[in-house]
Amino acid sequence: MSKQISKPLLEIRNVSKYYPGVKALDDVSLDIEAGEVMALLGENGAGKSTLMKVLSGAIARDGGDVYIDGKSLPVNNTPLTARGYGVAIIYQELSLLSQLSVAENIYLTQEPTVAGKFIDYKKLHAQAKGQLAKLEASHIDTHLKVEELALPEQQMVEIAKALAVDCRVIIMDEPTTSLTWEETDRLFDVVRTLRSQGITVIYISHRMDEIFQIADTAAVMRDGKFVDKVKISETDSDAIVELMTGKLLEHKDRRVGDCKVRYQDDNVVMDVRDITDGKQIKGASFKLYSHEVLGFGGLIGSKRTELARMLFGADKLQDGKIYVSGKPVASGAPAQAIRNKIGYLSENRKEEGLNLGMSLKENTVLIDMGAVSKMGYINFGKISQIFEDYKKSINIKGFADAMVSSLSGGNQQKVAIAKWLHAGCDVLIFDEPTRGIDVAAKAEIYTLIRRFADQEGKAAIVISSDVAELVDVCDRVLVMSRGEIVEEIQPDDISQDRLLKSIVRKGGQVKHA
Amino acid sequence: MPSTALSSQKTTSQIVKEQIVGKFGVIIGLIFLFAVFGFLSPAFRTWGNVTNILIQSGTNAVIAAGMTFVIIAGGTDLSVGSTVALSSVIGADIMIKTGNVGLGIIVSLFFGLVCGAFNGVLIAYIGLPPFIVTLSTMWLYRGIAYVLTAGQAIVNLPEANMKLALGRFLGLPAIVWLMLFVYVICYIVLAKLTIGRKIYATGDNNESARLSGINVKGIKTLVFVISGFLAALGGVILMSRLNSGQPVAGQSFEMSAIAAAVIGGTSMTKGGVGGISGTLIGALFISTLLNGLVILNVSSFWQQVFMGVVVLCAVALDIYRKQLSK
């Protein structure tokens, strides 16, 4: 290890990255010491992931310099060169080869050989054992296939793999999202071991309590800019949340006194009682009222999408009851849910929400083709007419016969929304309705959601990881954490500050039973 | 991540190019083929030979129509050739035993449905991959056909069985009328009925179709049932032309059927792409090619080489088309 005096291990100097119309990274400068565990914080879209992708070589930076131990990281950095400079990243989805053994994975392409050709398996396993021992994980059998290991063990193997090529900086991107409480503790032990060996850990997490347990420092980003770096011992969670949101946003309490929903039992559109899938969702109950837009906030991994898919019948419901307009409904398949007047706009419009190979007008009427056909025979003129109506009313920019794949993200999303509006549901679930969509289209989609809920007997659910979005469009917000609804934020209490504090604080509080 | 996809509408010239590569490419190819063979051989350019080509394409065209349903829904059916064999030996057996040709045909078609439904249920409800299921049933159905007949052809069918092969109506062979009838029905189902949109949607994106409330399992079963039924109908045509039920019939018919669909612009690499009219042209293209080569005295070995080249070109066109539409 180099003993240069007070020279930081990792120096990020004026790094920028542009996407069309967006400064994803705006002149970011930041130093990190050897053996430092630094939490990297910021809201969605703040630029954390982009910065880490620049470091690990997944994307090229557009400007600025990065030095590791004084050596400049090339601009056209690739994951391979980044490894050569000692930077490794551990993603949420592990990148191990599940059919190979632990040892083979750790030394993939670096296997010790006999006569330059044949893999020396004895040596391979001995070396792998050594690497795992450094992480105090020598209980892992290096002969096992990776798929036979539990998730936290797989993470250990991934870390060991990083260390096998003399790694100086390890980036962990939300490593605890799918870990249980005990598993998280074990991961923290590993992080401490790494720190004691002088390895720098950059730790991306939204869970405030974790950061206070494990990190030495916290760097905060907002809107692509570096905001500040603070010592954990000298700060508290409120101060960090303030850095993340910026004080400017304090005034955004738009909904106070603005909510017209009558919160009375005769006004309930959907009543969900204690539903569970037996795995991820633990007894969720809530009521949805006519004219209401109900938000679901939470961290990534808080299982909001899983809850929505269960309401919609896309995934199996194990126990609990759902009532729509007072009547209990069977929850089997999406077709059943649609008959029950529940709709679900997927967060993945390309994979699940739209048929990209079909035209705009075909997509628009796909759910309710009965309305455009007689005895199964399609009236194409009627389809065109319906599409043109939606095109006008929700401002879709595209031709009726064009393929959906030729549209921009915002227009695709509008087609997906038109499709659900045409389905005639009473309850529409919008899952991340504005992900990857520009600001102008966002505002239009908010209007559409509100307009939908303004109809008598209808109500919307909005799942969003964007706190500002929840504040803008929702009457009431439920906060979820690890598959449970942990807090209900009332209409007169909604603000970005209030929501973010709830989401971040509750994020780590619910322990696994 | 902020990703502002600034994709725009296609230009008219792009759409025209796509149409040429897509729908009209194969028609242009067919016309070209006719021109070349017609130029080289006076025997080729007779009305009698044209009728011949139409008759020769009958069985393949009918089977390929069913194959098109399966491929558009995102699958493939390798068992059609064996379905031809199994359904026709059963039908022939019934004809011999009862002397009733109509009953034989109905039973034959029914077993086509059964073969297709068996494929469909395994694929849609058990979730096995279409390639593996139909590869297995390709052997299974053929094997049963051999077992039932001890490998022998069932001959001396009632004379009425030949009516289809020999009959003519308004100057065209009955087989051609049957083929056209099948294609009109298939065209209506795929292009005009809601069920057709559901088949396309399922092939284009299974999950999206499911979340749109489409019964994707039912759709997947249905397309295999259609494929099995039309394979049996192809078998009925063959049985009439050969005036026998043969357990060896239909060898590698699945390949010709897939080739017809692919030449016609239905995509093997991506479900939800293609159409029934292209498949008809594709089937005509194949029989024109083979017919012309025979008339020109090209050896059957070279015929296979030409077939391979044509299918490769069709697949290359398919890939090119996909790049165009990006």
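Visitor: Among contacts in chain A between residues at least 6 apart in sequence, what percentage join residues at least 24 apart?

Guide: The model is predicted, so local features need pLDDT of at least 70 and side-chain atom pairs count only at pLDDT 80 or more, while totals for chains, interfaces and linings use all residues. Residues are numbered from 1 along each chain as its sequence is written, and chains are lettered from A and ligands numbered from 1 in the order in which they are written. Two residues are in contact if their C-beta atoms, placed from the backbone, lie within 7 Å. For chain A, the share of these contacts that join residues at least 24 apart is 69%.

Visitor: What is the radius of gyration of chain A, and what does the globule rule give?

Guide: Chain A holds 17 helices and 24 strands, where helices (H or I, at least four residues) and strands (E, at least two) are DSSP runs numbered from the N terminus. The radius is taken over C-alpha atoms, and the globule rule is 2.2 Å times the number of residues to the power 0.38. Chain A is as compact as a globular protein of 513 residues, because the rule gives 24 Å and its radius of gyration is close to that, at 25 Å.

Visitor: What percentage of the residues of chain A count as buried?

Guide: A residue is buried if 20 or more other C-beta atoms lie within 10 Å of its own, exposed if 12 or fewer, and partly exposed in between, with C-beta atoms placed from the backbone. The C-alpha atoms of chain A fill a box of roughly 75 × 55 × 45 Å along the principal axes. Of its 513 residues, the buried share is 48%.

Visitor: Which residue of S10(A) is the bridge partner of Leu40(A)?

Guide: Strand S3 (residues 37–41) and strand S10 (residues 200–204) of chain A are paired in the parallel sense over four bridges. The bridge partner of Leu40(A) in S10(A) is Ile204(A).

Visitor: In S17(A), which residue is the bridge partner of Tyr323(A)?

Guide: Another open sheet of chain A has four strands in the order S14-S13-S16-S17, with antiparallel pairing. Two bridges join S16 (residues 319–324) to S17(A). The partner of Tyr323(A) there is Pro328(A).

Visitor: Which element gives the most to the side of domain 1 of chain A that touches domain 2 of chain A?

Guide: An automatic or database domain assignment supplies the bounds: domain 1 (1–86 + 182–245), domain 2 (93–165) and domain 3 (265–507) of chain A. The centres of domains 1 and 2 of chain A, over C-alpha atoms, are separated by 27 Å, and the contact takes seven residues from each of these two domains. With six residues, the element that gives the most on the domain 1 side is H6(A).

Visitor: How many nonpolar, polar and charged residues has the side of chain A that touches chain B?

Guide: The contact takes 40 residues from chain A and 29 residues from chain B. Ala, Val, Leu, Ile, Met, Phe, Trp, Tyr, Cys and Pro count as nonpolar, Asp, Glu, Lys and Arg as charged, and the others, Gly among them, as polar. The side of chain A divides into 21 nonpolar, 15 polar and four charged residues.

Visitor: Is His291(A) buried or exposed?

Guide: His291(A) is found in the loop between S14 and S15 (293–298) of chain A. Its phi is positive, about 75 degrees, although it is not a glycine. Because it has 20 C-beta neighbours inside 10 Å, His291(A) counts as buried.

Notes
Pairing = 2+ DSSP bridges.
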